[in-house]
Amino acid sequence: MKFDDYKQYLSPVLAKATNLVVESAQGCYVKDVDGNEYLDFVQGIAVNALGHCHPKVVEAACEQTKKLISASFNLVNYPSTLKLAEELAKVTPGELNVTFFSNGGSEANDGAIKLARSYTKRPGIIAFKGSFHGRSLGATSITGSNSKYRNNYEPLLGGVYFAPYPIPYRTTEEECTQRCLSELQEIFDRLIPADNVAMVIIEPVLGEGGYVVPPVNYMKALREICTKHGILLVFDEIQSGYGRTGKMFASEHFGVVPDIMTLGKAIAGGFPMSAIVSTKEIMSAWKPGMHGTTFGGHPVCAAAGLAVLEAFKEEHILENCNAQGAYLKERLLKLQKEHPVMGDVRGLGLMIGVEFVHPEDKSPNADALNKVKDYCFKNGLLTLSCGVHGNGFRFATPLNVKKEELDKGLDIFEEALKAL
Ligand SMILES: Cc1ncc(COP(=O)(O)O)c(C=O)c1O
């Protein structure tokens, strides 16, 4: 089966990274229809925290499918979804104990916009340049990583202002924090008064925009500014959440609790599910019927979601993520010494990125990144780029990845660097 024979039936709008037709997958590997195996360091774009087809996820989903597939969470309640809401409340930070389930990340972010506006009765939204929040019109309106995502879609949602994301590369953490905070203040001074702003939405570790970890002081200051002005702080943890950074949620690295958190990707072990989590007080601004969904809270996804949380506990997933993440970073830092094209190695846990640069002036080098990525693909390693200049290499292995799997992938990555 060749992808090209079917291409005509599919909209060209989905930018395909490969033409692979994949039939099966297990753990860290996918297999195409011709039997070729690839080591998968993308995992559905940071979706499969437990790798492909984890036995606990498969069993939970099969069992639930035999009993009930859908009767709509609008109409009835499902045991698996009720239990998942309860289990989520146990792992989410602070008072974030109340959940609204939906189907994908963009949808959760759209919901967060509605919730923040409902609670504050204010129109304004502050998002960040470099951010990615999804493809629905609301999420597109708050996305600032690439103008192609917005091309021809204006006018988008009104009342959205973009602040610079604090990127502590090519500068110091202190300088970056001060400059970005003063530009945020400029928005309040010149464009929209702080008391007109409903929410500030930020990825606590930038995903698509380049796997950037912001300075702790910036995140703490952002929390204080939001509290001072009655603005809701929204963390989009769709990519950074669920153990990816070595803690259950990236917010924990900063000692900051948001008012609203959006979750997606890893939450249901590969099944489509997302969530908006907030406090009882904020959620109570949403009266029945002000938001809704047909599929959200799907019982099969929820059963898989429960299996994911169980595996986190029983299989020490966070411990493995921290241990293997440290090993991955150490090997990359060693490689960086020999290959100055690797301008920056950064990240937390198993959310690790490499920024490719021209060594002379540290300017972005997408060409080198693409050559490395192509070499990896030809040699059986699936990878994905990131970064607003397309020069970031992201490692998004499963969180239960084994050292041998990391070594196998890193050996291919190293050969690719040597071949540059
Ligand atoms: C941080 C973040 N938010 C939102 C989204 C959108 O999620 P979805 O593609 O499930 O709508 C993504 C997807 O990559 C993401 O990384």
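**View 1. The shell around the ligand, by residue class.** The shell holds 3 nonpolar, 9 polar and 3 charged residues. Here Ala, Val, Leu, Ile, Met, Phe, Trp, Tyr, Cys and Pro count as nonpolar, Asp, Glu, Lys and Arg as charged, and the others, Gly among them, as polar. Of the 15 residues around the ligand, Gly104, Gly105, Ser106, Gly134 and Gln239 come nearest; a residue is near if its C-beta atom, placed from the backbone, lies within 6 Å. Helix α4 (residues 105-120) gives the largest share, 3 residues. This is a predicted model: local features need pLDDT of at least 70, side-chain atom pairs count only at pLDDT 80 or more, and totals for chains, interfaces and linings use all residues. Residues are numbered from 1 along each chain as its sequence is written.

**View 2. The open sheet of 7 strands.** The strand order is β4-β10-β9-β8-β7-β5-β6, with mixed pairing. Strands (E, at least two residues) and helices (H or I, at least four) are DSSP runs, numbered from the N terminus. Two strands pair if DSSP finds at least two bridges between them. β4 (98-102) and β6 (160-164) are the edge strands, each pairing on one side only. Strand β5 (residues 124-129) runs parallel to β6, joined by 5 bridges. In β6, Phe162 is the bridge partner of Ala127.

View 3. Strand β11 (residues 342-348) is largely enclosed by the rest of the structure, because 7 of its 7 residues are buried. Buried means 20 or more other C-beta atoms within 10 Å of a residue's own, exposed 12 or fewer, and partly exposed in between; C-beta atoms are placed from the backbone. β11 pairs with strand β12 (residues 351-358) in the antiparallel sense over 6 bridges. Met342 stands opposite Phe356 in β12. The hairpin has 2 residues between the strands, and Gly349 takes a positive phi near 55°.

**View 4. A cis peptide bond and two positive phi values.** The bond from Glu154 to Pro155 is cis, with omega near 0°. Pro155 lies in the loop between α5 (137-141) and β6. Ile45 is not a glycine, yet its phi is positive, near 65°. Ile45 sits in helix α1 (residues 43-46). Ile45 is partly exposed, with 16 other C-beta atoms within 10 Å. Arg170, also not a glycine, has a positive phi of about 65°. Arg170 belongs to the loop between β6 and α6 (173-191). With 13 other C-beta atoms within 10 Å, Arg170 is partly exposed.
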